[in-house]
Amino acid sequence: LDSVVRRVVRRSREREGSPLPPGPTPIPLLGNALSIDIEEPWKTYTAWNVTYGDVLYARLLDQEFVVLNSQSDAVELLEKRSQIYSGRPVIATIETYGFGFMFAFQGYCDHWRLCRRIFHQTFRPDTALTFLPMQVRRARQMVVNIIDDPNRYASHYSTFAAAVALSAVYDYEPHPRNDPMVHIIDRSIHAILPATTPENAVLLKVFPFLLRIPDWLPGSSLKREAKTASEWAVKMVETPYQYAQERMEASRDPTISMVSNHIARMQKLDEPYRSDYRNALKHASASAIIGSTETTSSAILIFTLAMVQNPHVWKRAQAEIDAVLGMDRLPDFEDRPFLPYVEAVLRETQRWQPAAPLGIPHATTSSDIYKGFYIPKGMSYIRSSVVENIWAMSRDEARYPNAEQFIPERFLTAEGTLTDDDPAEYVFGFGRRMCPGRYTADASVWTAIATMLGTLEFTLAKDAEGKDITPEPKYVNGIARHPKAFPCRISPRPHISRASLERVLASDG
Ligand code: HEM
């Protein structure tokens with residue numbers, strides 16, 4: 001009791017009379033747990049905006065959240081005061097599930113710094129440019145796979161997303177289907193997803209004994225899930241790394257990838273720094289694969305949903321592509337500046353259903369005062385996060401009238417040129433923890449969308465009686481969010497065939 005009293009006194013001294021940001025009144029112990037939509041908390045925080053304003057405070061059991069609903073506050077704190085806003089809260093389940101290697105979830109420490117530096121050397125804007133031809137080739141291969149087997153479109157999207165990352169990081173070219181490395185990634189992501197849902201994180205925190213109960217007792221499924229996930233985590237870190245290492249040793253021609261570049265650098269280092277570096281390289285590499293697969297494929301799924309629901313959009317985009325490129329060429333990056341409507345479709349895809357609606361929570365390394373409010377320190381006697389509510393930014397009705405609707409035209413001027421409003425300024429997060437894969441992500445999603453628009457049509461699926469099936473998407477929610485595959489019909493445009501695409505792919509080399 002004495003220590004709790006001391007902490008409360010210390011905190012009230014720190015606060016110097018500044019109140020916490022406004023928010024609904026918490027009830028003892030549970031806090032606001034009963035009024036937060038645990039499945040989609042971003043929607044609750046967005047709804048609270050009206051009553052409590054842009055900066056608000058909520059508590060869920062012993063976790064407290066300062067939620068930033070506006071882009072300007074997120075820039076003000078997470079960017080301009082990034083020195084103290086770049087930590088991460090501890091998410092109990094991540095470690096338990098064996099995914100502590102992901103630097104996205106590590107605090108503001110030296111290991112995170114080294115991982116991020118290694119990552120940045122490969123994915124910064126100028127080096128990311130070298131991936132563009134590979135990304136175009138992969139997008140075209142994805143369309144061939146869709147034409148071959150349209151019903152498994154969601155799986156082709158994840159293969160595309162994984163293939164881009166695997167090429168860049170390990171110089172690994174997966175098979176279009178049933179690739180063993182893609183299988184490891186898929187299984188790992190599915191194993192870790194439950195750990196990132198707030199329900200499981202809270203369950204494990206409140207009932208940590210769930211991890212210790214015998215396998216045969218009811219309730220032991222969490223323990224089993226955690227064990228399976230940890231096994232996949234080891235495979236995820238080690239298998240592709242070994243592949244790259246062995247390939248490098250066996251080959252006389254130098255391979256070009258993040259891992260081979262850094263292994264070469266590492267040889268010049270002395271122990272023990274060399275083993276720290278090797279660890280960081282393995283962790284940065286596996287983080288890149290996990291960070292890119294779910295988010296990139298989610299964006300393409302969201303795009304597909306928007307196209308099926310709004311056929312006038314893909315028709316207008318195709319008219320633009322045909323007018324600029326003609327009918328005998330597929331979009332490439334040099335066409336990008338001349339396709340403003342396609343760009344507007346990309347922006348609206350990112351805004352309409354952001355793939356990471358709350359980003360990844362930040363934590364402060366010391367307390368702060370902002371707009372007269374007290375912002376608690378990340379690791380005080382209760383854990384505090386500072387959350388960027390990307391969902392709320394995308395739902396700002398003053399900036400995006402009819403925000404629930406998919407309207408690419410909102411990013412175009414009356415003359416058809418692009419406006420200055422680019423959701424990339426918030427969908428990738430803020431400050432020192434901002435998504436370091438964003439240049440590659442943007443290029444992957446653009447080339448996927450542009451290639452699909454140039455080659456495919458998106459219509460409603462029909463039921464057994466020939467009636468249209470209207471998709472009612474269900475979302476899988478965690479830190480990242482994606483719609484589950486829904487019935488739809490994706491077919492080649494009349495002038496496109498598998499053979500014509502194969503010819504293009506052969507000439508791509
Ligand atoms: C549409 C695609 C993507 C979206 C919407 C997205 C979004 C985000 C967001 C919101 C964050 C958290 C930022 C913050 O804390 O403020 C993040 C972090 C991260 N992203 Fe992405 N991302 C995407 C693709 C990628 C790709 C392709 C990669 C890898 C090549 C990647 C790797 C990472 C990593 C490693 C972090 C953690 C950074 C850190 O904690 O220092 N992401 N991403």
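Let's start with two helices that pack together: α15 (residues 311-325) and α16 (residues 340-352) meet at an angle of about 145 degrees, with their axes 8 Å apart. Axes here are lines fitted to C-alpha atoms over the stretch in contact, and angles run from 0 to 180 degrees between N-to-C directions. The contact uses V313, R316, A317, E320 and I321 of α15, together with Y341, V342 and V345 of α16. Two residues are in contact if their C-beta atoms, placed from the backbone, lie within 7 Å.

Please keep in mind that this is a predicted model, in which local features need pLDDT of at least 70, side-chain atom pairs count only at pLDDT 80 or more, and totals for chains, interfaces and linings use all residues. Residues are numbered from 1 along each chain as its sequence is written.

Now step back to the whole chain, which has 20 helices and 11 strands. Helices (H or I, at least four residues) and strands (E, at least two) are DSSP runs, numbered from the N terminus. Of the 509 residues, 43% are buried, that is, with 20 or more other C-beta atoms within 10 Å of their own, placed from the backbone.

The largest nonpolar core has 128 residues. Such a core is a set of buried Ala, Val, Leu, Ile, Met, Phe, Trp, Tyr and Cys residues joined through C-beta atoms within 7 Å. Helix α14 gives the most to this core, with 16 residues. I289 is among the core residues with the most contacts inside it; leaving out residues up to four places away in sequence, I289 touches A162, A165, L166, V169 and I185.

Next comes the ligand, with 30 residues around it, the closest being G291, S292, G429, C435 and G437. A residue counts as near if its C-beta atom, placed from the backbone, lies within 6 Å. Helix α14 gives the most to this shell, with 7 residues.

Finally, look at helix α8 (residues 132-148). Its buried residues include Q135, V136 and R138, and what covers the buried residues of α8 includes α9 (153-170) and α20 (498-508).

Technical notes
A residue is buried if 20 or more other C-beta atoms lie within 10 Å of its own, exposed if 12 or fewer, and partly exposed in between; C-beta atoms are placed from the backbone.
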